[in-house]
Each structure stands twice: as C-alpha cells, then as structure tokens.
Amino acid sequence: MGAAQRPTDRAGIDWPARLHVVTGKGGTGKTSVAAALALGLAAGGRRTLLVEVEGRQGIAQLFGTEPLPYAERHLVDAPGGGTVAALAVDAEEALLEYLDMFYKLGAAGRALRKFGAIDFATTIAPGLRDVLLTGKVKEATTRTVDQRRVYDAVVLDAPPTGRIGRFLNVTAETARLAKMGPIKTQSDGVSALLRSPMTAVHVVTLLEEMPVQETVDAIAELTSLGFGVGRVIVNGTRAPLPTGRLVTEAELTRGLRAAGLPASTGIVTGLHHEARDLMIRRELEDSLRTDLVDLGVPLVELPLLPDGVNRAGLEVLAAALVQAD
Ligand SMILES: Nc1ncnc2c1ncn2[C@@H]1O[C@H](COP(=O)(O)OP(=O)(O)O)[C@@H](O)[C@H]1O
Ligand SMILES: [Mg+2]
C-alpha cells in the first residue's frame, strides 16, 4: 500500500514490516507487548491481527474474553479508529486446513482427527508443527480479498527466545521431513516471507541480567539465520532517579524533619540502606541498557505499570510504542 493510500496521516505506529514477530524470555511481557503493538499499529484506522501459537490462551486472559477459537474474531477497537482481531492458531486445526487445501480431505480429515492421526503427526515432528503454525501466520499476513489486504499488519506472540530460532527456521526443520511436495513448497514460501523485509522480529526484555543475555544471544542467532531484527523492546522501565548520586544520611534526616516525619537513627539508617540498594540496582540497569544499545538495534522503552497490564495499561503501552515511533 502506498503512503498516499493510507487511511490517515498516522496516529499509529509506522514500522515498515507487515508481520511483527514478538519474542523474548518468558515472563518479560511478550504477550502484553504483542497486544500493545497490535493496538498501536491499528491506531488511526488500520486493521491488525494478533496471533498466538502456543495454546496458552494468553490473549484471551489479557483481554478477559472467552478462550479464542481457531478462527479470527474481532478483539478490540484501537484508539482513533482501527481494529484488532485475534487468532489462536492450533497446529491440529492448521494441519486439517492444510490437508484439506492440498488433498481435499473433507470428512476424511475429520476422521483422521478422530483416530488420533493428527496428534501423531504433531507430536512426532515438531518441525512439521512449526511449519503449520508459521504457514497459517503467512496465510493471514498475505491474504487478500478483492486484491485488498485483509490485515495491514499481523503481530505474532511468538515462542520465547530459547526456541525462536528453531521455530522460525522452518526450512531447516522440514528439510529433514520432506525433500519435495507440498510441505516443502509450503515451508519454502514461509521461509521466504520470514526472511523478507515484510517481517521483523522484535525482542522483549527487562533490564535484568538473564533476559538481557537471552536478548543478546537471540539477536545473534536470528541474525545468523537471516531474520531481520526490528526493535529491542525494554519493558517495565522506571523513571530515572531525580538525583544522580546517593542521598546522604544528613539529607535524609533534614528531609524527614521538614516533612514532620520521625527521623530516628534507625529510620534514617534503614532508608539510607534502601536508597543505596536502589542506586546499585539502577547502576546495574544502566550498564545492561548500554549492553543493549551496543547491539545496534533500535531500543524502545516501555514503562513499568503500577497496576500491571490491564486494558488501560495496554493503552499506555500502545501509546508509548506510538510515541517512540
Ligand atoms: N510494563 C509492565 N508493567 C507492569 N507489569 C507488566 C508489564 N508488562 C508485563 N507485565 C506483567 O508481567 C506479567 C507477564 O506478562 P506477559 O505479557 O504475560 O509476559 P510473557 O508473555 O512474556 O510471559 C503479567 O502479569 C503482566 O501483567
Ligand atoms: Mg505470554
């Protein structure tokens, strides 16, 4: 779609990719960030699709809706117009859909499922499972109706950093399963999309040692496999401390007295210890932030929300993503 055809002169995020793959160490906020990104991309009038592939129903939990079926459905409206749809891709359903597409199985497909053949296929060959999941994501990303794209952007709440390379590297996995035929064709098509400028992989992290290390490792792996890294999204950040140095005990005493609060030696010493710990923690965060900057991938910082990620919090995260654009 050319710039002139865009619905509005952007209230939303304008990152170049069409398919946004969101990974990160588990628990860093992958699902929350993927949802906020889908909202931010939709803001101002676009249609986005938020997809999950791990059978966790994380999207339904986040939005407080019924578990998502294997069908796209409207999830929420975005600020300033635009819509977010959601889909939970299920490997079994994707396999049936896929078999049906190539072999016109119909009722035979349903029988297959009944006899457990599907379970067999998906349990035995993880590579096949991943090519089915990513294949469905590709289908949704590239789908058109009347030569018009159904979704302006697709956001994938992807597997965590430890599994992302293998998950996206479908060709290598399926090469061992199929040298030719529809599975090979399918995985080649998926691989081409995932390695094209249409796809960006974003890595969510916290300013903590393990997630940052996994971010560094994941970016090296993704890059070596030929995937484009979009953004490093630093989640749960706190505003910088007002003073650049450690407050003294004398200052604490004066401050407490001025505020009419008790300022016994015990209280002052306790507070001073806490201030020192906080200072050390912030210094560690600064050094981790530097490690991330050194990766040469644009960073986006999202605030730590005092009440966790509810609907209002999601809007805050989406707005922060829009603003950072
Ligand atoms: N920016 C944030 N501020 C506060 N809490 C957050 C933030 N991002 C995520 N969380 C909370 O952290 C937990 C994990 O988030 P989630 O998105 O489910 O992570 P993941 O998908 O990586 O496991 C949830 O309880 C969520 O509400
Ligand atoms: Mg999650």
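The backbone nitrogen of Gly58 sits 2.9 Å from a polar atom of the Glu52 side chain. That is a polar contact, meaning a pair of N or O atoms within 3.5 Å; within protein, one must be able to donate a hydrogen and the other to accept it, and residues adjacent in sequence count only if both atoms are side-chain atoms. This is a predicted model: local features need pLDDT of at least 70, side-chain atom pairs count only at pLDDT 80 or more, and totals for chains, interfaces and linings use all residues. Residues are numbered from 1 along each chain as its sequence is written, ligands are numbered from 1 in the order in which they are written, and side-chain values use heavy atoms, without hydrogens and water.

Glu52 belongs to strand β2 (residues 47-52). Strands are DSSP runs of E, at least two residues, and helices runs of H or I, at least four, numbered from the N terminus. Glu52 is buried but has no salt bridge. Buried means under 20% relative accessible area, exposed over 50%, partly exposed in between (1.4 Å probe, protein chains only). A salt bridge needs a side-chain nitrogen of Lys or Arg within 4 Å of a carboxyl oxygen of Asp or Glu. For Glu52, the nearest side chain of opposite charge is Arg56, 7.5 Å away.

Arg47 also has its place in strand β2. Arg47 is partly exposed, at 23% relative accessible area. The backbone oxygen of Val150 lies 3.2 Å from a polar atom of the Arg47 side chain.

Now the ligand. A nitrogen atom of ligand 1 is 2.8 Å from a polar backbone atom of Leu305. In the shell around ligand 1, the largest share, three residues, comes from α1.

Technical notes. Lys, Arg positive; Asp, Glu negative; His and termini not counted.
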